[in-house]
Amino acid sequence: MAASNRAKLITKLHTELKKKYTLPPSQPSRPLLEHLLYACLLQDAPYDLADEGLAKCEQEFFDWNEVRVTTVTELTQVLSGMPDPAKTARRLKEILQAVFEEFYAFDLDHLKKENLGKAVARFESMPVMTPFVLSYTIQHGLGGHSIPVDYAGMVIMLATGIASQNEAAGGKIPGLERAIPKNKALDFSALLHQAGVDLLMDHNDKKARALIDAVAKGSSERYDEWEASKKAAIRRVKKRRRDEKAAELEAEAEAESAKQAKAAKSAKKGAAKSEPAKTKTSKSDPKAASAEAGASKAKPASAKKTSGEKKSADKSAETKEAGKKKVTAKKTDAKESADATTKKTSKKAASSSKSAATKATPTKKSTNRKLSKRKPR
């Protein structure tokens, strides 16, 4: 769209907003951090709910550091009155965490005294910073010229033809600050926010539909077509996600079945390998073979003993008895030899005593010798 046509449509939109909507109460003076957090609550929400959410956070928590460390679930319960409490709580917590990581403090008023470009650059470096929160902080906290447009306001810009799809997706409208001067920027942004939130919360809101039709004829029809296409896109996305999930589950089931089949196949291979291994061990090791044969014929062997086993048992009994007899015979021989040695020693002692006695008593020569008759030669 040409810049001149865009500027004309923006001016006409401002005129129609002033006719159909009234300005909200002016915002009180706040610290820079509270302007930042209020913008997190105000995005796609009415002014009264944003005021209520900020007051609840200040009442329920000791300070903003406690809000930073609390859970999203607890913060969602505190902000339950918001249109989308979970999304708002997550955005508020992420902004607080980003501020703490960037400045290591929650007192940001020193940025008001610095150059506007440096302060904006530090806020833009935060990955969780949204275009609406940044523009609102620049406009209300830093005193710069910026017009905050959230999703609700961007829908009106898109329906009236002021912004294209790509521009709406980027969150910035070229030439908006040139078409609306700084002294009218606060009023324009407040009125646009009211109209956008009304149309977002009720797609059939008569005042908002009349506004966009007054700016450009056929805007309400384009808005309906855009809503229908958005719903169809959402349905397609949901269907694709369901299909992807179903495909993942099917792939997991197939992988599990393949794993089980592989395990069963490996178990069969292991059983087939174990059988030839048994036969090999029986051939190589005769003891193992005899043990296997005995195990296979355990029942008939136990029922009836063979004759060889009986003979071996009788032989073992006979050898035991023979051994016992040998032991007793050896004992008796040893006893007899001991008796013989004792008898010999006693005889030697008696003979030695007799010889001693004969030596002690001298023998007399016999005088009466008998003459022996000798035979003649």
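Reader: Which residue follows H8, and is its phi positive or negative?

Author: A helix is a DSSP run of H or I with at least four residues (a strand is a run of E with at least two), and the runs are numbered from the N terminus. H8 is followed by Gly143, whose phi is positive, near 75 degrees. This is a predicted model, in which local features need pLDDT of at least 70 and side-chain atom pairs count only at pLDDT 80 or more, while totals for chains, interfaces and linings use all residues. Residues are numbered from 1 along each chain as its sequence is written, and side-chain values use heavy atoms, with hydrogens and water left out.

Reader: How many helices and strands are in the chain?

Author: The chain has 17 helices and zero strands.

Reader: What share of the residues of the chain counts as buried?

Author: Relative accessible area decides this: buried is under 20%, exposed is over 50%, and partly exposed is in between (1.4 Å probe, protein chains only). Of the 377 residues here, 31% count as buried.

Reader: Why is helix H8 described as largely enclosed?

Author: Helix H8 covers residues 131–141, and nine of its 11 residues are buried, so the rest of the structure largely encloses it. The buried residues of H8 include Phe132, Leu134, Tyr136 and Ile138. Ser135, Thr137 and Gln139 are also among them.

Reader: What do the buried residues of H8 pack against?

Author: A contact means heavy atoms within 4.5 Å. The buried residues of H8 pack against H2, helix H7 (116–124) and helix H12 (182–201). Across the chain, contacts between residues at least 6 apart in sequence join residues at least 24 apart in 65% of cases.

Reader: How many salt bridges are there?

Author: A salt bridge has a side-chain nitrogen of Lys or Arg within 4 Å of a carboxyl oxygen of Asp or Glu. The count comes to 10 by this rule. In one of them the side chains of Arg6 and Glu167 meet, at 3.1 Å from N to O. Arg6 lies in helix H1 and Glu167 in helix H10 (residues 165–170), so the pair ties together parts 161 residues apart in sequence. Arg6 counts as buried at 8% relative accessibility, and Glu167 is buried too, with a relative accessible area of 19%.

Reader: How far along helix H1 are Glu16 and Lys19 separated?

Author: The two are three residues apart in helix H1, which means about one helical turn. Glu16 counts as buried at 10% relative accessibility, whereas Lys19 is exposed at 60%. Glu16, Lys19 and Lys20 are linked in a network of salt bridges.

Reader: Where does Glu34 lie, and how far away is the nearest side chain of opposite charge?

Author: Lys and Arg count as positive, Asp and Glu as negative, and His and the chain ends are not counted. Glu34 lies in helix H2 (residues 32–42). It is buried yet has no salt bridge, and Arg30, the nearest side chain of opposite charge, is 4.3 Å away. Leaving aside residues up to four places away in sequence, Glu34 touches Glu58 and Trp64.

Reader: Where does Pro24 lie, and what does it touch?

Author: Pro24 lies in the loop between helix H1 (3–20) and H2. At 21% relative accessibility, Pro24 counts as partly exposed. Pro24 touches Tyr47, Ala190 and Gln194, not counting residues up to four places away in sequence.

Reader: What is the volume of the largest pocket?

Author: On a 1 Å grid over the protein atoms alone, a pocket is an open set of points with protein on both sides within 12 Å along at least five of seven lines, a cavity is a set where a 1.4 Å probe fits but cannot get out, and lining residues have an atom within 4 Å of a point. Points are joined across faces, edges and corners, and a volume is the space filled by probe spheres set on them. The largest pocket has a volume of about 620 Å³. Its lining has 26 residues, of which Gln43, Asp44, Lys87, Asp150 and Tyr151 lie nearest its centre.

Reader: Which helix gives the most to the lining of the largest cavity?

Author: H14 does, with four residues. The largest cavity holds about 40 Å³ of space.
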